[in-house]
Amino acid sequence: MNVIMPMRLLCLMLSLVLSAAAPGQKPAPSRPGSSHPKDRSAATLSENQIRDLIRQSADNDLENDKMQRNYTYLERIEERRLDGKGQVKSTEVKTYDVMEIYGEQVEKLTAKDGKPLSDKEAKKEDEKIQKLIDKRKSESDDDRRKRLEKEEKDREESRKFVKEIADAYIFKFVGIETLDGRDNYVIDCDPRPGYEPHMKEARFLSKARGRVWIDKDDRQMKKLDVLFIDTVSYGLFLARIHKGSRVVVETVRVNDEVWLQKHVAVKIDVRVALLKNLNVEVDVADSDYKKFRTTTKITPLGEVQQ
């Protein structure tokens, strides 16, 4: 699972929470963002300036995406299923190595519930990664062209979605807040009454409000806190995400060159298809960011890396 950064976050948020809740959290606060900016004396940004800032952040994110593909990192996902009283009834923890291989993000499972995989399971994961590497090495020029065209199409869709976000919300400048030693613009986002989305993926925007922290110097999203204020239907009968579900995403600046996902917290009450409601909390923590080259050969566990 990777949730993904700046303005693509809202677009992919439903996929995130649905994947977390697949196979009752207590009511969330009415306003995302529990902390208060320490400095409210900074010059106020107008709504138009905020829209420009959000669009600039999105453009920066697209460039940032190219650089983050050079990194691998560890990802720990803890999923807690709750009963009707909000008490934890089961917990599952999985740890992954996350890497980009020829433009495709790949997750290699390395541990379950804090225990390393068995030799058989580890070998299967290694073979899966190496198979993808070999496939990309032998990719034809035509296949590569089609893949790159699809990536560019996806980036263009992201740009269109950002425009939807900029138009779908009323923005309010809250102040300046320091996070991890860096100043951030703090902005509240409330659905604009009567707004009609142009993209299918943007239909849920009117049912979510949020607070966003944008790094003042880099114009990159530092944090995003989104609260569903109404029930969202996803697909004809696939799922309903209930009011009060929440997603918080935090990023971190790495090597003074790229912003990467640091932490994701999801609290969701969802009904999937005709199944009973699922009350789930998911906590995603990313760490140990390192440069990674797609030509690296994945060596099975037990063998010495050369």
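## First stop: Phe171

Begin by selecting Phe171 and showing its surroundings: leaving aside residues up to four places away in sequence, Phe171 touches Glu47, Ile50, Arg51, Ile54, Ile165, Ala166, Ile187, Asp188 and Cys189. Keep in mind from the start that you are looking at a predicted model. Phe171 lies in strand β5, and with a relative accessibility of 6% this residue counts as buried, because the cut-off for buried is under 20% relative accessible area.

## Second stop: helices α2 and α4

Next, colour residues 47–68, which form helix α2, and residues 141–168, which form helix α4. Two packed helices are described by the angle between their axes and the distance between the axes. Here the helices α2 and α4 pack at an angle of about 160 degrees, and their axes are 10 Å apart. That angle makes α2 roughly antiparallel to α4, because angles over 145 degrees count as roughly antiparallel. The crossing of α2 and α4 is right-handed.

Which residues make the contact between these two helices? On the α2 side, select Arg51, Ile54, Arg55, Ala58 and Leu62, and on the α4 side select Arg155, Ser158, Arg159, Val162, Ala166 and Asp167. Sorted by class, the contact of α2 with α4 holds five nonpolar, one polar and five charged residues.

While helix α2 is still coloured, pick out Asp65, which lies in this helix. Is Asp65 buried or exposed? Asp65 is buried, as its relative accessible area is 10%.

Not counting residues up to four places away in sequence, Arg136 touches Ile101, Tyr102, Glu104 and Arg147.

Most residues other than glycine have a negative phi, and most peptide bonds are trans. With that in mind, select Asp180, in the loop between β5 (169–179) and β6 (182–191), where phi is near 55 degrees, a positive value in a residue other than glycine. Asp180 is exposed, with a relative accessible area of 53%.

Then select Asn255, which lies in the loop between β11 (246–254) and β12 (258–272). Asn255 has a positive phi of about 55 degrees although it is not a glycine, and with a relative accessible area of 54% Asn255 is exposed.

## Last stop: confidence

Finally, colour the protein by pLDDT: the mean is 78, and 77% of the residues reach 70 or more. Where is confidence lowest, and where is it highest? It is lowest in helix α1 (residues 8–21), at a mean of 38, and highest in strand β4 (residues 115–116), at 96. Over residues 1–30 the pLDDT stays under 50, and the model has 97 contacts beyond four places in sequence for this stretch. The pLDDT is also below 50 over residues 294–306, a stretch with 20 contacts in the model beyond near neighbours in sequence. Where pLDDT is low, the predicted coordinates should not be read in detail.

Definitions and conventions: Residues numbered from 1 in each chain as written. Predicted model: local features only at pLDDT ≥ 70, side-chain atom pairs only at ≥ 80, totals over all residues. Heavy atoms only, no water. pLDDT = per-residue confidence, 0-100. Helix = DSSP H or I, 4+ residues; strand = E, 2+ residues; numbered from the N terminus. Contact = heavy atoms within 4.5 Å. Axes fitted to C-alpha atoms, helices over the stretch in contact; angles between N-to-C directions. Parallel < 35°, antiparallel > 145°, perpendicular 65-115°, else oblique. Left-handed = near helix turned anticlockwise from the far one by under 90°. Nonpolar A, V, L, I, M, F, W, Y, C, P; charged D, E, K, R; others polar. Buried < 20%, exposed > 50% of the residue type's maximum accessible area, 1.4 Å probe, protein only.
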